[in-house]
Amino acid sequence: MQIVMIALLTSACVVFLGDRVKNLKSVIIEINSVVFRMMEVVLKCLPVAIFLIVFKTILTTTITDILSIWKIIAATFIAYTVFAVIMLVRLALKYKISIKDFLQKISSTMIVAFVTCSGTAAMASNFDVCKKNLNISERFCDFWIPLSHSLLSPGTLIAIVVFVFFSAQFSNANISFVQLIIIAFLTVQLSICAPKVNGGNITVLTMLLTQLGFSLDVLGTLIVANGFMNNIASAFGMIVRDCEIFDVSHKVNF
């Protein structure tokens, strides 16, 4: 959030000062080009490293662990599916496009996100998909994709909500109306600030459970469940982000 605020303030000041900072504009544009090239190199190597980590995690998880948490995994998968279907149907009705064709166009990004469990690793692929397959302006993609990756975390948002209700059941606690308001408010904030790494939502979930007074003994179960949802959550996140960028880019005529 701090980086986003600094970027917004800097860009606003540069626009306001206009011709008085011609050299600074050139420097910013050149630095931006260098940073994007660095991101491109790193992101192309990242999927391999993440895949190896995920593969190692799967090998160390037993069938007993899976059976003990099937309810929370099923509930989260259903929530992901319903949310994704709503986004796709809305896009299809609004722009008269085929859901099947849209999914085919973004399939390469979804595969990278699924295999690596990481939206970050899929960013390089997503740049290409949005520019070439969805015909979205390069300037808009360079601005919106990193911004949406920082601020839009639908997979984390849904997972935190499901985890909180499971934790309440585990703790034999009733969620009051006031706590529902707290959950709704804090979940949005925490989904944004959650570290964009595997298991990052567990970090912020711990703070939320403490705030609600729920038992932290459930964290072990949630960590295991989260490990089995990372793949689907990452692919689901790419569907939502690409639906969003397609919609916003058409609204602003990019």
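User: What is the mean pLDDT of the chain, and where is confidence lowest and highest?

Analyst: Where pLDDT is low, the predicted coordinates should not be read in detail. The mean pLDDT (the predictor's confidence in each residue, from 0 to 100) of this chain is 80, and 85% of the residues reach 70 or more. Confidence is lowest in helix H3 (residues 63-68), at a mean of 60, and highest in helix H4 (residues 70-95), at 89; helices here are DSSP runs of H or I with at least four residues, numbered from the N terminus. In this predicted model local features need pLDDT of at least 70 and side-chain atom pairs count only at pLDDT 80 or more, while totals for chains, interfaces and linings use all residues. Residues are numbered from 1 along each chain as its sequence is written, and side-chain values use heavy atoms, with hydrogens and water left out.

User: How do the axes of H4 and H11 cross?

Analyst: Two packed helices are described by the angle between their axes and the distance between the axes. The axes of H4 and H11 come within 10 Å and cross at roughly 10°, and the two helices are therefore roughly parallel to each other, a term for angles under 35 degrees.

User: How many salt bridges does the structure hold, and which side chain meets Asp247 in one?

Analyst: Side chains of opposite charge can pair when their charged atoms come close. The structure holds five salt bridges, each being a side-chain nitrogen of Lys or Arg within 4 Å of a carboxyl oxygen of Asp or Glu. In one of them the side chains of Asp247 and Arg90 meet at 3.1 Å, N to O; Asp247 lies in helix H11 and Arg90 in helix H4, so the pair ties together parts that are 157 residues apart in sequence. Asp247 counts as buried at 2% relative accessibility, whereas Arg90 is partly exposed at 38% (buried means under 20% relative accessible area, exposed over 50%, partly exposed in between, with a 1.4 Å probe and protein chains only).

User: Is Ser249 buried or exposed, and what lies 2.9 Å from its side chain?

Analyst: Ser249 sits in helix H11 (residues 219-251) and is buried, with a relative accessible area of 1%. A polar atom of the Ser249 side chain lies 2.9 Å from the backbone oxygen of Ile245, and the backbone oxygen of Phe246 is likewise 2.9 Å from a polar atom of that side chain.

Conventions:
Polar contact = N/O pair within 3.5 Å; in protein donor to acceptor, adjacent residues only side chain to side chain. Axes fitted to C-alpha atoms, helices over the stretch in contact; angles between N-to-C directions. Parallel < 35°, antiparallel > 145°, perpendicular 65-115°, else oblique.
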